[in-house]
Amino acid sequence: MEKISIIKKCLEAAYSGLKTVIDYALPPRCPNCGAVILADHSFCVECWQSLHFLVEPACIQCGFPLPRDQQYEPLCGRCLQHPPSFDRMNAAVAYDEISKQLILRCKYGKQTMLARDMAKLMMRFLPIKSNIKAIQNNLLADKNCPPNMSSSSPQTPLIIPVPLHRWRLWQRGFNQAALIGQYLAKASGYDYDCDSLYRRHSTKPLGHLTPKQRHQMVKNAFGLRIGKKDRPLAGRDIILIDDVFTSGATTESCARLLKTAGVKSVHVLCWARVIPKDDFL
C-alpha cells in the first residue's frame with residue numbers, strides 16, 4: 001500500500017507540473033472574445049457583464065421575464081391563455097450577440113467544447129439541493145462524458161436532448177443539445193437518454209417562419225421509441241435540453257409527445273431564449 005501511495009503522489013506531482021507548463025504555453029481563454037483568463041470554461045469580465053442572465057421575476061411555467069416595476073404574477077398572460085405542455089422552462093441567458101456566437105461556433109464551427117461552457121451556466125436550474133461544489137467539479141473534469149446512460153430508477157430525473165434528424169446528424173457529426181445534455185447528466189448524476197425521442201423527418205429552418213407556421217411545421221416531426229425495459233419513461237421527471245428557445249414550437253411538440261408516454265413532468269432547459277426587445281431590458 002505504501003508503494004502504491006508513493007507512485008500515486010509521483011503521478012500527481014508529474015501531472016501538476018505538466019499542467020503548469022501547458023497552462024503557460026496555452027493559457028485558458030474566454031470562449032467568446034479569446035482574452036486570457038484565470039480558469040478554463042469561464043468568461044472574461046467584460047463578456048460576463050455583457051451576458052443578459054434571465055432571473056426572477058419570471059413566469060413560473062415558461063420562465064418569460066416579467067416587468068420588475070409591476071406587481072408580480074406567478075403566470076404570464078401567454079401561459080394563462082395557452083398553457084404549454086411542459087411544466088417548467090428555463091434558459092440561462094437571453095439570446096443576444098454573445099450567446100448567439102457561442103451557439104454558431106459550436107454548431108457550425110465544430111467547437112464542441114463550448115457545449116461545456118453553456119452547460120456550466122445552465123446547471124443552476126437543475127433541481128439539485130446539495131453539494132453544488134462537487135457537481136461543478138464533475139462538470140469541469142477532463143474525463144470524457146459517456147455516450148449514453150440507461151435509466152436506473154423512476155425517481156431519478158431523466159435528461160433527454162431535442163433530437164436532430166439522422167441526415168442532419170450525419171452532416172454535422174454531433175447534436176449540440178446532446179452534448180450539453182451529456183455534460184449536465186455527468187455533473188448531476190441524472191440519467192441520460194438520447195434514443196427514446198427521435199425526429200421522424202427533417203424540417204426546414206424555422207427562423208423565417210411565424211410562430212403559427214413553426215408549430216405546424218414541427219407538429220408531427222418527432223416520435224418515441226417505447227418498450228425498452230431498461231429505459232422506462234412513464235412516471236419519470238424529464239429534463240428536455242435544447243440550445244435556443246424561440247417560439248417554443250419544438251419543445252412544445254416534444255413535451256406533448258412525452259406526456260402521451262405517461263411522464264410525470266417535463267422541464268425544458270435551454271442555453272438562450274429569444275426575448276423581444278419591447279419585453280425585456
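Is glutamine 61 buried or exposed? In this predicted model, glutamine 61 counts as buried, because its relative accessibility is 15% and the cut-off for buried is under 20%. Glutamine 61 is found in the loop between helix 2 (45-50) and helix 3. Leaving aside residues up to four places away in sequence, glutamine 61 touches Leu75, Cys79, Pro84, Phe86, Asp87, Arg88 and Met89.

One of those contacts, Phe86, leads us to the aromatic rings. The count of aromatic pairs comes to three. Among them is an edge-to-face pair of phenylalanine 86 and phenylalanine 245. This pair links distant parts of the chain, 159 residues apart: phenylalanine 86 belongs to the loop between helix 3 (77-81) and strand 1 (88-94), and phenylalanine 245 to strand 6 (residues 237-245). Both phenylalanine 86 and phenylalanine 245 are buried.

Another edge-to-face pair is formed by tryptophan 167 and tryptophan 170. These two tryptophans are three residues apart in helix 7 (residues 166-172), so about one helical turn separates them. Tryptophan 170 is exposed, as its relative accessible area is 58% and exposed means over 50%.

Here are the two pairs side by side:

| Aromatic pair | Centre to centre | Between the planes |
|---|---|---|
| Phenylalanine 86 and phenylalanine 245 | 6.4 Å | 85° |
| Tryptophan 167 and tryptophan 170 | 5.0 Å | 85° |

Arginine 78 lies over the face of phenylalanine 64, 4.4 Å from the ring centre. Over the ring of tyrosine 198 sits the charged end of arginine 225, at 4.3 Å from the centre of that ring.

Note on methods:
Residues are numbered from 1 along each chain as its sequence is written. This is a predicted model: local features need pLDDT of at least 70, side-chain atom pairs count only at pLDDT 80 or more; totals for chains, interfaces and linings use all residues. Side-chain values use heavy atoms; hydrogens and water are left out. Rings of Phe, Tyr and Trp (its six-membered ring) pair if their centres lie within 6.5 Å; planes under 30 degrees apart count as stacked, over 60 as edge-to-face and the rest as tilted. Helices (H or I, at least four residues) and strands (E, at least two) are DSSP runs, numbered from the N terminus. Buried means under 20% relative accessible area, exposed over 50%, partly exposed in between (1.4 Å probe, protein chains only). A charge sits over a ring if NZ of Lys or CZ of Arg is within 6 Å of the ring centre and within 35 degrees of the ring normal. Contact means heavy atoms within 4.5 Å.
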